Amino acid sequence: MNLKSRRESLGLTLEQAGRGIGGRQKVYRFESGERDPRRMRLDTAQRYADNLGLTSSRC
């Protein structure tokens with residue numbers, strides 16, 4: 001499951017998923033491939049995982 005599918009399966013908007021990580025534009029950039037999620041800072045990845053109901057070890 002990719003990031004966008006996970007967010008949509010939870011019924012989250014870009015704004016909700018982006019809380020604490022820099023907002024909806026940052027989420028959109030990760031989902032669209034404009035930014036590589038594998039290069040996300042650790043603290044950002046942990047907050048994003050929390051927003052998506054994932055554990056950091058699955059990121």
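Is Arg 7 buried or exposed? In this predicted model, Arg 7 is buried, with a relative accessible area of 8%.

Arg 7 sits in helix H1, and its side chain reaches the backbone oxygen of Leu 12 at 2.9 Å. Leaving aside residues up to four places away in sequence, Arg 7 touches Leu 12, Thr 13, Leu 14, Ala 17, Val 27, Glu 31 and Leu 52.

From here, turn to helix H4, which spans residues 42-51. Its buried residues are Thr 44, Ala 45, Tyr 48 and Ala 49. These four lie on the same side of H4 because they cover an arc of only 135 degrees around the axis. That buried set packs against three helices: H1 (3-9), H2 (14-17) and H3 (24-32). On the face of H4 turned away from the buried side, you will find the exposed residues Leu 42 and Asp 50. Follow the chain just past the end of H4 and you come to Gly 53, which takes a positive phi of about 70 degrees.

Arg 19 is exposed, with a relative accessible area of 56%. The C-alpha atom of Arg 19 is separated by 8.3 Å from that of Arg 47, although the two residues are 28 residues apart along the chain.

Terms used:
Residues are numbered from 1 along each chain as its sequence is written. This is a predicted model: local features need pLDDT of at least 70, side-chain atom pairs count only at pLDDT 80 or more; totals for chains, interfaces and linings use all residues. Side-chain values use heavy atoms; hydrogens and water are left out. Buried means under 20% relative accessible area, exposed over 50%, partly exposed in between (1.4 Å probe, protein chains only). Helices (H or I, at least four residues) and strands (E, at least two) are DSSP runs, numbered from the N terminus. The arc is that of the directions from the helix axis to the C-beta atoms. Contact means heavy atoms within 4.5 Å. A polar contact is a pair of N or O atoms within 3.5 Å; within protein, one must be able to donate a hydrogen and the other to accept it, and residues adjacent in sequence count only if both atoms are side-chain atoms.
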